[in-house]
There are 2 protein chains.
Amino acid sequence: MNILVLNAGSSSLKYQVIEMPSQHVKCVGLVERIGMEDAIFNHEINDEKHKEILPILNHEIGLQKIAKTLLDKKIGVLNSVDEIKAVGHRVVHGGSKFSKTVVVTQEVKDNIRDLFDLAPLHNPANLTGIEIAETIFTSAKQIAIFDTSFHQTMPKEAYQYAIPNKYLSTHKIRAYGFHGTSHKYVSEKAIEYLGEEKSKNIITIHLGNGCSMSAIKNGKSIENSLGFGPMNGLIMGTRSGDIDQSVIFFLMKKLNKSVEEVNNLLQKESGMQGLTGFSDLREISEKSAQGNQDCKNALNLAGYRIRKYIGSYAAILNGLDAIVFTAGIGENSAIMRQLACENLDFLGIDLDETKNEIRSKDIREIQKSISKVKILIIPTNEEIEIAKQSYQLIK
Amino acid sequence: MNILVLNAGSSSLKYQVIEMPSQHVKCVGLVERIGMEDAIFNHEINDEKHKEILPILNHEIGLQKIAKTLLDKKIGVLNSVDEIKAVGHRVVHGGSKFSKTVVVTQEVKDNIRDLFDLAPLHNPANLTGIEIAETIFTSAKQIAIFDTSFHQTMPKEAYQYAIPNKYLSTHKIRAYGFHGTSHKYVSEKAIEYLGEEKSKNIITIHLGNGCSMSAIKNGKSIENSLGFGPMNGLIMGTRSGDIDQSVIFFLMKKLNKSVEEVNNLLQKESGMQGLTGFSDLREISEKSAQGNQDCKNALNLAGYRIRKYIGSYAAILNGLDAIVFTAGIGENSAIMRQLACENLDFLGIDLDETKNEIRSKDIREIQKSISKVKILIIPTNEEIEIAKQSYQLIK
Ligand SMILES: Nc1ncnc2c1ncn2[C@@H]1O[C@H](COP(=O)(O)OP(=O)(O)O)[C@@H](O)[C@H]1O
Ligand SMILES: Nc1ncnc2c1ncn2[C@@H]1O[C@H](COP(=O)(O)OP(=O)(O)O)[C@@H](O)[C@H]1O
């Protein structure tokens, strides 16, 4: 069965056609700069890359271009759009309504729309993707997979903030957690790999452009370091992560910044970018190795923040079997993993520095033999997870 | 040697006369509602309480009233103001300038003034207290004891936020930590009690109207849960503690609240107050025992937050010898201590519930015999600490 996995952003469409249950990826692609005369269309099949610059003025034209390409005799993978049995849509915010993946109905769409205020940059684009896919892949089931749903198992102590109760009941202000598809994928891989008995208490550490950590108890998420929005917790490429709220009031009241300016500062000019002038961790690691003090300092700060969360989650789990690194930085940056594991032998965490340096695309263990806690690297794959969940729902 | 300990608030003056080095408290008192026609003056000597309602229109008149009372034949303790050899002033914010207690000079006063922006509610009143005391206790040394100075040993990873560097260098935006005098006092008591070898890694938990925790490594503070201002970290009587900054932006942008309203909400209407309608923990514990669900929930949230910090600090310390409870709630609330220690045996923390219920004013241990970590209750005494530090500086 062919499943089209679709991730619609505000000016982009990412897609893959995945055959299930084999998990064979038939093609992958990306439309960027939607709305422009010089939009970019990328399509890859059998390691062959196709690139086109062309006007793509809206998402509908973008998805039509994708559908046409999928039917192309040379670089396509389908004879008819009806061969797509399901379109699996990534939806960032599912609020408290969606604790699992669902088939899209009018009610589901209304609920996604009701959450626009909570995810103003993502949910509108995600809904647009669904609505257009319904008109093109008419015989396919449309499926919504939410970034938040894996975290709906969090207990109240983890999701409620200490503000008047009405903000929770009326305005739904609470921690939701994000990157759920990735945390679910890698935690399930870890449990499969270690066996259930040896994976009761896991911490998953997703370090990409966005970063978050989850505490996973018996396969269920009980904590995530991203809360109500996508900015607190760990230090990210351009986002500050945790910061004392007094700083926000100071910036507004004493330095006369507007709410927009402060929001922008904390989301786009902070994190590694604010500390070093660079947001890409490759560049920062290189510069640090060459002696750049700001870069060295920023790496220290980022590693320290992760260590604090490891401790905090180990306490809440009351035990620790394994920690799992994933995503761009987690899978590739030996230095960040090293800083994240430094001086934690009290918790049973002992990194093997040699194993940590070995590069590979496979699941691997990088702890010393004396380490009570397993330290794993597990490449994440949100698209496969979306295809899996879509398949399970309709098979 | 007589030391006058003075804590000047915006509309109050708290004082004690303490004889050093014996630490004998000769009298204690409090002027409240300064600025009013019906201000309240309280003075206590030999367990006898004196109360007067009278107009006290400013701090100068208030301190004159105190000085006059100290000289009173019946309820006084001095024959001449010159018998006060030092006035130890509590100053809330010492910024990055003061890593220890100092004798007040013009430069010190200028520095306290430079920090008005960082502690607008406290430093102006603290400076007023110093300036008036200089005119009344003319032959005494004026000493400034800062709430922040004990935390000046925090490493950069603990105090720097992940925002552009200029906010640290130019605007001094960083974590300072507070309640330093209390954390110093109880951690020193703990080290004295346990011996240095068995107190390398301590977590001190100050739970009063304001709440904060510190990680103490070999007697030095390396972390405090209050940062740039007095509102993040633990859940307090009316303050939210940690909250995702996205919530602030949501309240301002979607619910059209002003910066003042949000600041007020998070400082005065949140925390236990926001969750239950009550801010006094005695009332909340009673109501919870009677079945009030909001109160039960709030206690759970507060305990859970403390547990997360215990884990986080144990990780950063990479070890844990003891945790110390102090201040109004820490010393008196068995239920809060129990919730704070629940399900933490992975970290070696095992509370003895019977010992936990015993009331006493002494230092005591409340862990089970199997507990690797000592759990101590140590009554705090910021006035004695201020007297001690003042005495050490001038003896
Ligand atoms: N070899 C590498 N070493 C260090 N960092 C890397 C490496 N490869 C990728 N990264 C980092 O991964 C991040 C992107 O991660 P990714 O998971 O692709 O992000 P996204 O959150 O957008 O899915 C970038 O900050 C990049 O610097
Ligand atoms: N017996 C008690 N049980 C529970 N809480 C108590 C008890 N006694 C005092 N408290 C709490 O202690 C808090 C005040 O602590 P304190 O250390 O005096 O505050 P401050 O921060 O003003 O110095 C109040 O919330 C009060 O409810």
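A polar side-chain atom of B:N332 lies 3.5 Å from a nitrogen atom of ligand 2, and a polar side-chain atom of B:R282 is also placed 3.5 Å from a nitrogen atom of that ligand. Both are polar contacts, meaning pairs of N or O atoms within 3.5 Å; within protein, one atom must be able to donate a hydrogen and the other to accept it, and residues adjacent in sequence count only if both atoms are side-chain atoms. This is a predicted model, in which local features need pLDDT of at least 70 and side-chain atom pairs count only at pLDDT 80 or more, while totals for chains, interfaces and linings use all residues. Residues are numbered from 1 along each chain as its sequence is written, chains are lettered from A and ligands numbered from 1 in the order in which they are written, and side-chain values use heavy atoms, with hydrogens and water left out.

**Ligand 2 in chain B**

- A polar backbone atom of B:L281 is 3.1 Å from an oxygen atom of ligand 2.
- Of the 580 Å² of accessible area that ligand 2 has on its own, the protein covers 70% (areas by the Shrake-Rupley method with a 1.4 Å probe; for residues, only the protein chains shown count as cover).
- The elements of chain B that give two or more residues to the shell are α10 (281–289) and α12 (327–332); helices (H or I, at least four residues) and strands (E, at least two) are DSSP runs numbered from the N terminus.
- α12(B) gives the most to the shell around ligand 2, with 4 residues.
- The residues around ligand 2 include B:G208, B:N209, B:G210, B:D280, B:S333 and B:R359, where a residue is near a molecule or strand if one of its heavy atoms lies within 4 Å of it.
- By class, this shell holds 3 nonpolar, 6 polar and 3 charged residues (Ala, Val, Leu, Ile, Met, Phe, Trp, Tyr, Cys and Pro count as nonpolar, Asp, Glu, Lys and Arg as charged, and the others, Gly among them, as polar).

**Ligand 1 in chain A**

- Among the residues that surround ligand 1 are A:D280, A:R282, A:A327, A:G328, A:I329 and A:N332.
- An oxygen atom of ligand 1 is 3.0 Å from a polar backbone atom of A:N209, and a backbone N or O atom of A:L281 lies 3.0 Å from an oxygen atom of the ligand.
- An N or O atom in the side chain of A:R359 is 3.4 Å from a nitrogen atom of ligand 1.
- The protein covers 71% of the 580 Å² of accessible area that ligand 1 has on its own.
- α10 (281–289) and α12 (327–332) of chain A each supply at least two residues of the shell around ligand 1, and the largest share, 4 residues, comes from α12(A).
- The shell around ligand 1 comprises 3 nonpolar, 6 polar and 3 charged residues.

**Sheet in chain A**

- Six strands form an open sheet with mixed pairing, in the order β11-β10-β9-β12-β14-β13; two strands pair if DSSP finds at least two bridges between them.
- β11 (220–224) and β13 (364–365) of chain A stand at the edges with a single partner strand each, so one side of each is left without a neighbour in the sheet.
- β13(A) pairs with β14 (residues 374–377) of chain A in the antiparallel sense over 2 bridges, and the bridge partner of A:E365 in β14(A) is A:L376.

**Chain A overall**

- Chain A has 15 helices and 14 strands.
- Its domain assignment gives domain 1 (2–146) and domain 2 (196–377), with bounds from an automatic or database assignment.
- The centres of domain 1 and domain 2 of chain A, taken over C-alpha atoms, are separated by 30 Å.
- The C-alpha atoms of chain A fill a box of roughly 60 × 55 × 45 Å along the principal axes.
- The radius of gyration of chain A is 21 Å, which agrees with the value near 21 Å for a compact globule of 395 residues (taken over C-alpha atoms; the rule is 2.2 Å times the number of residues to the power 0.38).
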